[in-house]
Amino acid sequence: AMQAVRPLSLSRSLDNVLASAAFAEHVDPTAIGGFGASLGGESLVLMGGAQLTTTVGQSSKQVTLDPRLKAAVGYVPYFGQEVFPAFGRDQKGLTGVTLPLLAISGTADTTAPIGATEQGFELLNGTRQLVALNGVEHGFATAFANDIFTWSLTFLAGQLGGDPVARA
């Protein structure tokens with residue numbers, strides 16, 4: 001339930017931002033991107049239409065599909081464990097997801113292991129890039145801060161702004 005409520009909450013929050021006189025004029029509703037860490041990364045993938053594992057038998061179902069989200073970045077994104085994936089049996093709940101996604105994972109992360117992310121990335125249909133930070137565990141790696149933000153902002157600029165240099 002906690003994992004399902006997060007993408008729904010993100011959509012409702014976006015509703016409020018776009019309806020707010022204070023914020024709406026500062027947001028291009030056709031170029032909305034997101035950045036999430038760990039379960040925040042999973043939440044963005046779910047917001048993009050992925051199916052969430054709902055049973056011990058690894059059945060899955062779609063939580064939501066918010067077409068306003070045009071691209072996302074996940075830092076140490078949670079794709080589940082290899083024995084219990086976040087997006088259904090064998091990550092099949094990612095089949096058909098076209099949300100452009102950049103994942104920045106740590107090779108030593110046991111909370112959000114890169115193997116589960118790699119398995120899921122094989123099934124995504126949209127633009128996708130996976131960056132592996134050698135030796136990084138779960139949590140923010142300050143030694144890589146400049147790289148994390150540069151990759152994230154460049155990816156989002158390429159996907160949301162149509163910047164051909166950033167996209168390349």
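**Figure 1. Salt bridge between Arg 68 and Asp 15 in the predicted model.** The side chains of Arg 68 and Asp 15 form a salt bridge with an N to O distance of 2.7 Å. This pair connects distant parts of the chain, with 53 residues separating its members. Arg 68 belongs to the loop between strand S3 (60-62) and strand S4 (69-75), whereas Asp 15 is located in helix H1. Arg 68 is partly exposed, at 21% relative accessibility. Asp 15 is likewise classed as partly exposed, its relative accessibility being 29%.

**Figure 2. Salt bridge between Arg 12 and Asp 15 within helix H1.** The closest N and O atoms of Arg 12 and Asp 15 are 3.1 Å apart. Both residues belong to helix H1 (residues 2-19), and because they are three residues apart there, about one helical turn separates them. Arg 12 has a relative accessible area of 46% and is partly exposed.

**Figure 3. The salt-bridge network of Arg 12, Asp 15, Asp 66 and Arg 68.** The structure contains three salt bridges. One of them joins Asp 66 to Arg 68, with an N to O distance of 2.7 Å. Asp 66 is buried, its relative accessible area being 6%. Arg 68 also meets Asp 15 in a salt bridge, and Asp 15 forms a salt bridge with Arg 12. Through these contacts, Arg 12, Asp 15, Asp 66 and Arg 68 are linked in a network.

**Figure 4. The two faces of strand S1 and its pairing with S4.** In strand S1 (residues 32-37), the covered face consists of Ile 32, Gly 34 and Gly 36. The uncovered face is formed by Gly 33, Phe 35 and Ala 37. In a regular strand, side chains alternate between the two faces of the sheet. S1 pairs with S4 in the parallel sense, over six bridges. Within this pairing, Gly 34 of the covered face has Ala 72 in S4 as its bridge partner.

**Figure 5. A nonpolar surface patch that includes Phe 35.** Phe 35, Phe 140, Phe 149 and Leu 153 make a nonpolar surface patch of about 420 Å². Phe 35 is part of strand S1, where this residue is on the uncovered face. With 40% relative accessibility, Phe 35 counts as partly exposed.

**Figure 6. Positive phi at Gln 58 and Asp 90.** Most residues other than glycine have a negative phi. Gln 58, although not a glycine, has a positive phi of about 70°. Its position is in the loop between strand S2 (51-53) and S3. Gln 58 is buried, with a relative accessible area of 13%. Asp 90, which is not a glycine, has a positive phi of about 55°. Asp 90 is found in the loop between strand S6 (84-85) and strand S7 (101-106). With a relative accessible area of 42%, Asp 90 is partly exposed.

Methods: Residues are numbered from 1 along each chain as its sequence is written. This is a predicted model: local features need pLDDT of at least 70, side-chain atom pairs count only at pLDDT 80 or more; totals for chains, interfaces and linings use all residues. Side-chain values use heavy atoms; hydrogens and water are left out. A salt bridge is a side-chain nitrogen of Lys or Arg within 4 Å of a carboxyl oxygen of Asp or Glu. Helices (H or I, at least four residues) and strands (E, at least two) are DSSP runs, numbered from the N terminus. Buried means under 20% relative accessible area, exposed over 50%, partly exposed in between (1.4 Å probe, protein chains only). Two strands pair if DSSP finds at least two bridges between them. Patches are made of residues with over 30% relative accessible area and no salt bridge: like charges are joined within 9 Å, nonpolar side chains (Val, Leu, Ile, Met, Phe, Trp, Tyr) within 5 Å. Accessible areas come from the Shrake-Rupley method with a 1.4 Å probe; for residues, only the protein chains shown count as cover.
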